Amino acid sequence: MTAESRLDEYQVKAEALAEEIVGMIPADLAPTTTPDVESRGRMLQHPVSAEPSADDSVWWQVDTYVEPVQRDGASEEAAKAIAAQLLADGWEHTDARETSEGRRIADAYGKDDWYVEVTWVRSEEGKYETIEIGVLSPKTTRGDHDEIHS
């Protein structure tokens, strides 16, 4: 028997959470353009079976790309404001890593099997400062979501 998929529920919650996190950016740093958002169901790249199954493990992922007001330190300030609110809301800081030779910092947070990653950039003259927000739902079964493939 196939377990019931919660993917539709997770999609709604992930998209709302991503929007809520963007709203945590202080007004003086708020983006002047609408953030780019990618929202999609995901599954492992190499599932056990070549044929997708309703029992495959999947999750919903929302990636939001924000360009805050362009001034020195805006990305870091926005990330700190987001972090403070997430921590106040019971999220636990779970990981941090640097990429792009230390210019990009990704902070990760977890709560109730949900995962949020906030990536910000260090100020560098002549470079845009961006913030990327990733929201990943808990895993569920694929169910009848035939459009989700690895």
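Me: Before we start, what should I know about the model and its numbering?

Reply: The model is predicted, so local features need pLDDT of at least 70 and side-chain atom pairs count only at pLDDT 80 or more, while totals for chains, interfaces and linings use all residues. Residues are numbered from 1 along each chain as its sequence is written, and side-chain values use heavy atoms, with hydrogens and water left out.

Me: Thanks. How many helices and strands does the protein chain have, and in what pattern?

Reply: Helices (H or I, at least four residues) and strands (E, at least two) are DSSP runs, numbered from the N terminus. Here there are two helices and seven strands, and along the sequence they read α-β-β-α-β-β-β-β-β. The C-alpha atoms fill a box of roughly 55 × 30 × 30 Å along the principal axes.

Me: What share of the 150 residues is buried?

Reply: First the cut-offs: buried means under 20% relative accessible area, exposed over 50%, and partly exposed in between, with a 1.4 Å probe and protein chains only. By that rule, buried residues make up 39% of the 150 residues. The chain as a whole exposes about 8,600 Å², with carbon and sulfur atoms supplying 47% of it; the areas come from the Shrake-Rupley method with a 1.4 Å probe, and for residues only the protein chains shown count as cover.

Me: Then how do I read a nonpolar core?

Reply: In soluble globular proteins, nonpolar side chains tend to be buried together. The term covers a set of buried Ala, Val, Leu, Ile, Met, Phe, Trp, Tyr and Cys residues joined through side-chain atoms within 4.5 Å. In this structure the largest such core has 32 residues, and those with the most contacts inside it are Ile21, Ile82, Leu86, Val116, Val118, Ile133 and Val135. Two or more residues each come from helix H1 (7-22), strand S2 (57-66), helix H2 (74-88), S4, S5 and strand S6 (131-136). H1 gives the largest share, seven residues.

Me: Which residues does Val118 touch?

Reply: Contact means heavy atoms within 4.5 Å. Leaving out residues up to four places away in sequence, Val118 touches Ala79, Ile82, Leu86, Ile105, Ala106, Asp107, Tyr109, Ile131 and Glu132. For the whole chain, residues 24 or more positions apart account for 64% of the contacts with a separation of 6 or more.

Me: What about aromatic pairs?

Reply: A pair of aromatic rings is described by the distance of the centres and the angle of the planes. Rings of Phe, Tyr and Trp (its six-membered ring) pair if their centres lie within 6.5 Å; planes under 30 degrees apart count as stacked, over 60 as edge-to-face and the rest as tilted. A search of the whole structure finds one pair. Tyr10 is in helix H1 and Trp114 in strand S5, 104 residues apart, so the pair links distant parts of the chain.

Me: Which parts of the chain does the Glu124 and Arg103 bridge tie together?

Reply: Their closest N and O atoms are 3.1 Å apart. Glu124 lies in the loop between S5 and S6 and Arg103 in the loop between strand S3 (92-99) and S4, so the bridge ties together parts that are 21 residues apart in sequence. Glu124 is partly exposed at 36%, but Arg103 is buried at 16%. Elsewhere, salt bridges with shared partners join Asp28, Arg71 and Glu77 into one network.

Notes
A salt bridge is a side-chain nitrogen of Lys or Arg within 4 Å of a carboxyl oxygen of Asp or Glu.
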